[in-house]
Amino acid sequence: VPDGNGRWAEQRGLSRLNGHQAGAENMHHMINYLNEYPIKYVTLYGFSTENLSRPDEEVSGLFQLLEEFINQHVPELDKSGVKLRHLGRLSELPPKLQLAIYEAVQLTKQNTRMTLSLAFNYGGRTEILDAVCRLIAEGVKPQNIDEELFGNYLYTAGLPSVDLLIRTGDELRLSNF
């Protein structure tokens, strides 16, 4: 959970967006570092569904930052064998960002060295709600739902359970992860 970027920037007299940019670059370096080891799954929690309530300028800046990050770094990630996944509500993001994410996922879908999940416009409760809505829409009977079936309807279907959670800021909360 790359946290505290806005506070870091404000403490240095920079804009919150400058902090988010610095955090994105740090995450790029961290991904490259982790890819040198036999780590198969990494999830970066970059934008929660609650973050949509931040000031419009910050939200649009974060959207632009992710789009630039994808355009700049995904070709390199692809060459190094990283598979990209998106976790969250893609349809609520700007169309250009949706397209960038979709194209990045498609480009890297055959890679096997590491799976990098970007939790962007993600919330744990939203994930559960969306899974329940899909189950209902598909007419799954309640008596047929067990943990395994329910897990198949989550954004994280096919990913292992979290072993280690690192939050980089001083906060001791999970932010709806």
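Two strands count as paired if DSSP finds at least two bridges between them. Strands here are DSSP runs of E with at least two residues, helices are runs of H or I with at least four, and both are numbered from the N terminus. With that settled, strand S2 (residues 82-87) pairs with S3 in the parallel sense over six bridges.

Some housekeeping. This is a predicted model, so local features need pLDDT of at least 70 and side-chain atom pairs count only at pLDDT 80 or more, while totals for chains, interfaces and linings use all residues. Residues are numbered from 1 along each chain as its sequence is written, and side-chain values use heavy atoms, with hydrogens and water left out.

Now the overall layout. The chain has six helices and three strands. Read from the N terminus, the order of elements is α-α-β-α-β-α-β-α-α. Of the 177 residues, 41% count as buried; buried means under 20% relative accessible area, exposed means over 50%, and partly exposed is in between, with a 1.4 Å probe and protein chains only.

On to the sheet. Three strands form an open sheet in the order S1-S3-S2, with parallel pairing. S1 and S2 are the edge strands, each pairing on one side only. From one strand to the next, the twist averages 20 degrees; axes are lines fitted to C-alpha atoms, for helices over the stretch in contact, and angles run from 0 to 180 degrees between N-to-C directions.

S1 and S3 also pair in the parallel sense, over seven bridges. Which residue of S3 is the bridge partner of valine 42? That is leucine 116. Leucine 116 is also the bridge partner of leucine 84. The chain gets from S2 to S3 through helix H4 (residues 95-108), and this β-α-β crossover is left-handed. For reference, a crossover is right-handed if, with the strands pointing away from the viewer, the path from the first strand over the helix to the second runs clockwise. Another bridge joins lysine 83 to threonine 115 in S3. As for burial, nine of the nine residues of S3 are buried.

Helix H3 (residues 56-79) lies across S1, S2 and S3, and runs at about 170 degrees to S3. H4 lies across S2 and S3, at about 140 degrees to S2. Contact here means heavy atoms within 4.5 Å. Among contacts in the chain with a separation of 6 or more, 76% are between residues 24 or more positions apart.

Last, the aromatic rings. Rings of Phe, Tyr and Trp (its six-membered ring) pair if their centres lie within 6.5 Å; planes under 30 degrees apart are stacked, over 60 edge-to-face, and the rest tilted. The whole structure has four such pairs. One of them, tyrosine 33 with tyrosine 37, is tilted, at 5.2 Å centre to centre and 55 degrees between the planes. Tyrosine 33 is partly exposed at 45% relative accessible area, and tyrosine 37 is partly exposed at 41%.

Tyrosine 45 and tyrosine 122 make an edge-to-face pair, 5.4 Å centre to centre with 85 degrees between the planes. Tyrosine 45 is in strand S1 (residues 41-48) and tyrosine 122 in strand S3 (residues 114-122), so the pair ties together parts 77 residues apart in sequence. Are these two tyrosines buried or exposed? Tyrosine 45 is buried at 5% relative accessibility, and tyrosine 122 is buried at 5% as well. Ring pairs link Tyr45, Tyr122 and Tyr155 into a cluster.
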